[in-house]
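User: Can you walk me through one of the helices and what surrounds it? Keep it short.

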Amino acid sequence: MKWLSESPSAQPRKVAQRFVMTESDFEQLPQKGTSAPAAGGRTADDEPVCTIVSNDARIIERCAVIAVGAAVRINQCADPQLLPGDGSGPVLWGSDMAALAENTSRPVDVLVGLEDSEALIWSLASRIPKARVAVLPSASQWLGEYLGLWAMRAGHGHTLALNSTAGGLGTTTLSLLLAHAGTLSGLRSAMIDLDPHSQGAWPLVCAQPPIGIGWEELQQSGGALAAHQLAETLPKLRDTAILTWSRANRTQELEDQLVIRLLAAARQGFDLVVVDAGRAPHPQRLAMNQFIDRNIATASSMTLPASGEVVLCGEQKLRCTPQGFPEILGAVPVLPRISKALERGQLFDSFKSRALRQHLSNLCLIPQVKEQHP
């Protein structure tokens, strides 16, 4: 194997006018697991990586240029037997070796070829249902968009979104508790306040916010958000990073592109990202859902959603669960220690409660830390 291109700081290509990403394309982007930290599809420098199976210099060169534009590093593989089988990143098969993809157990994400091999790769694609086709150069922008979208989602951080079914349930409190529980479990954790009606989370956890940036500063930043810079500049309280509003008087709504850049960087800079999405449905849910691994509803027995995974807030359990209702993961009751800690503005002090720790553990929402082997 050999490395073909370095990953620059360039942004993913714009959507092509002719070849655009469809919903089915997006759904078939290679998926990541839910354990953390997981390094699949990334180099030691935490760069997103794809693979091309080909010995055709023309195809390799064109794909290398496209990968550079998508900020993805590309790795040539001349022997399909050497391909990783863990679905760690997109696998492109050149038309010169695509015939081997038909009967392989290895990943086949995109069949790539030049116009003189178009009939061949379309014929193969008809026998490999999940494979996409990129005939170059006409599909260059589509392939760049495909790799760019995957790169944005390829961060190893497990992203959990909490969506409230009603106001006043304590969704922000639970978001902070889960993020700090991740920190105590050995994960690099962050709580991201994306509640459109948020007045800032700092009063729940401390009287004086730690040094670092808030949404106000990010709105003025512009450009791309580097994962390492985000991890270094977010304020941390007891080693848990928190992004919220510094002041209660919000004057401007967040733009979709800022939310996209923020979540993409957060997935790369942290092992666990807990998003407080506020009351559902969120106005930016389409942008957010590109980066969410798991959506959880917070509810009471009177505000249960029709489906999905639910955490009961302020209650021990449901008296009865009617058939057809969602999956109840557990409950986080209003424990005396939580109430007293909130009154003092020191929420993380409530972790002294064994009962709270047990309730959070029973939810099974914190990913397990993978053992690191030399």
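User: Which residues of H5 are buried?

Analyst: In H5, Thr171, Thr173, Leu174, Ser175, Leu176, Leu177, Leu178, Ala179, His180, Ala181, Gly182 and Thr183 are buried, meaning under 20% relative accessible area with a 1.4 Å probe, protein chains only. Helices are DSSP runs of H or I with at least four residues, numbered from the N terminus. The model is predicted: local features need pLDDT of at least 70, side-chain atom pairs count only at pLDDT 80 or more, and totals for chains, interfaces and linings use all residues. Numbering starts from 1 along each chain as its sequence is written, and side-chain values use heavy atoms, without hydrogens and water.

User: So how enclosed is H5?

Analyst: Largely enclosed by the rest of the structure, because 12 of its 14 residues are buried.

User: What comes after H5?

Analyst: Gly186 follows H5, and its phi is positive, near 100 degrees.

User: At what angle do H5 and H12 pack?

Analyst: About 85 degrees, with the axes 11 Å apart; axes are lines fitted to C-alpha atoms over the stretch in contact, and angles run from 0 to 180 degrees between N-to-C directions. The two helices H5 and H12 are therefore roughly perpendicular, a label for 65 to 115 degrees.

User: Which residues make that contact?

Analyst: Leu174, Leu177, Leu178 and Ala181 from H5 meet Leu356, Leu360 and Leu363 from H12, where contact means heavy atoms within 4.5 Å.

Note on methods: Buried means under 20% relative accessible area, exposed over 50%, partly exposed in between (1.4 Å probe, protein chains only). Angles under 35 degrees count as roughly parallel, over 145 as roughly antiparallel, 65 to 115 as roughly perpendicular and the rest as oblique.
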